[in-house]
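Please keep the sequence and the structure in view while reading.

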Amino acid sequence: MRKRIIVFIVFIILVIVGYNYIYQTHRDIENEIAQYKITSNKIALEFIENATETETKYLNTTIEVIGMVSEKDSNTITLDDKVFCQFETSFKNTIVFDSKIKIKGRVIGYDDLLEQVKLDQCTIIE
């Protein structure tokens, strides 16, 4: 009887630990401190020169990127045609083409076809 109680308690503990591991809270990129501050041209050049090493360095990290707005949509901005930034929500129409802007976001990869670094969960730093 005592062994069953111990096994049951261990089972309950494992279930709780497993549940907490699987259902972790999501990252809040907006409030995280950026690990790197870089220009859009420099990060694009790093990916072009050595994509594997650069991806290992930046993948899934929070960065701040400075560049000129070359394209914009309701919830995306492209900086210097090299960094594609996706926002969670639509942003104000105060963003002007060819204006310098600083954006913080999470690096999700590099698109070889379009030669663009991809960021998501972006926010505009004022």
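**From layout to single residues**

Read from the N terminus on, the elements of the chain follow the order α-β-α-α-β-β-β-β-β, and in this predicted model they amount to three helices and six strands. The chain has a radius of gyration of 21 Å, whereas the globule rule gives 14 Å for 126 residues, so the chain is more spread out than a compact globule. Taken along the principal axes, the box that the C-alpha atoms fill is roughly 75 × 35 × 25 Å.

Of its 126 residues, 33% count as buried, and the chain exposes about 9000 Å², of which carbon and sulfur atoms supply 56%. Among the contacts with a separation of 6 or more, 58% are made by residues 24 or more positions apart.

We turn next to the interior. In soluble globular proteins, nonpolar side chains tend to be buried together. Here the largest nonpolar core has 21 residues, and those that touch the most other members are Ile43, Ile77, Leu79, Val83, Cys85, Ile103 and Leu119. At least two residues of this core come from each of helix H2 (40-49), strand E2 (62-72), strand E3 (76-79), strand E4 (83-87), strand E5 (100-111) and strand E6 (116-125), with E5 giving the most, namely four residues.

Ile103, which has its place in strand E5, counts as buried because its relative accessibility is 0%. Not counting residues up to four places away in sequence, Ile103 touches Ile63, Glu64, Val65, Ile77, Leu79, Cys85, Phe87, Cys122, Thr123 and Ile125. Leu79, with its neighbours within four places likewise left aside, is in contact with Ser40, Val65, Gly67, Met68, Val69, Ser70, Cys85, Ile101 and Ile103. Thr78, also placed in strand E3, has a relative accessibility of 4% and therefore counts as buried, the cut-off being under 20%. Beyond four places in sequence, the contacts of Thr78 include Met68, Val69, Val83, Phe84 and Gln116.

Arg27 lies in the loop between helix H1 (2-22) and strand E1 (36-39), and its relative accessible area of 35% makes it partly exposed. Although Arg27 and Gln121 are 94 residues apart in sequence, their C-alpha atoms are 9.7 Å apart in space. Gln121 is one of the residues that Arg27 touches, together with Glu32, Asn60, Thr61, Thr62 and Arg106, when residues up to four places away in sequence are not counted.

Most residues other than glycine have a negative phi. Asn60, however, has a positive phi of about 65° although it is not a glycine. Asp80, placed in the loop between E3 and E4, likewise has a positive phi, of about 50°, without being a glycine. With a relative accessibility of 23%, Asp80 counts as partly exposed.

Methods. Residues numbered from 1 in each chain as written. Predicted model: local features only at pLDDT ≥ 70, side-chain atom pairs only at ≥ 80, totals over all residues. Heavy atoms only, no water. Core = buried A, V, L, I, M, F, W, Y, C linked by side-chain atoms within 4.5 Å. Buried < 20%, exposed > 50% of the residue type's maximum accessible area, 1.4 Å probe, protein only. Contact = heavy atoms within 4.5 Å. Rg over C-alpha atoms; globule rule 2.2 N^0.38 Å. Areas by Shrake-Rupley, 256 points an atom, 1.4 Å probe, with all protein chains shown as cover.
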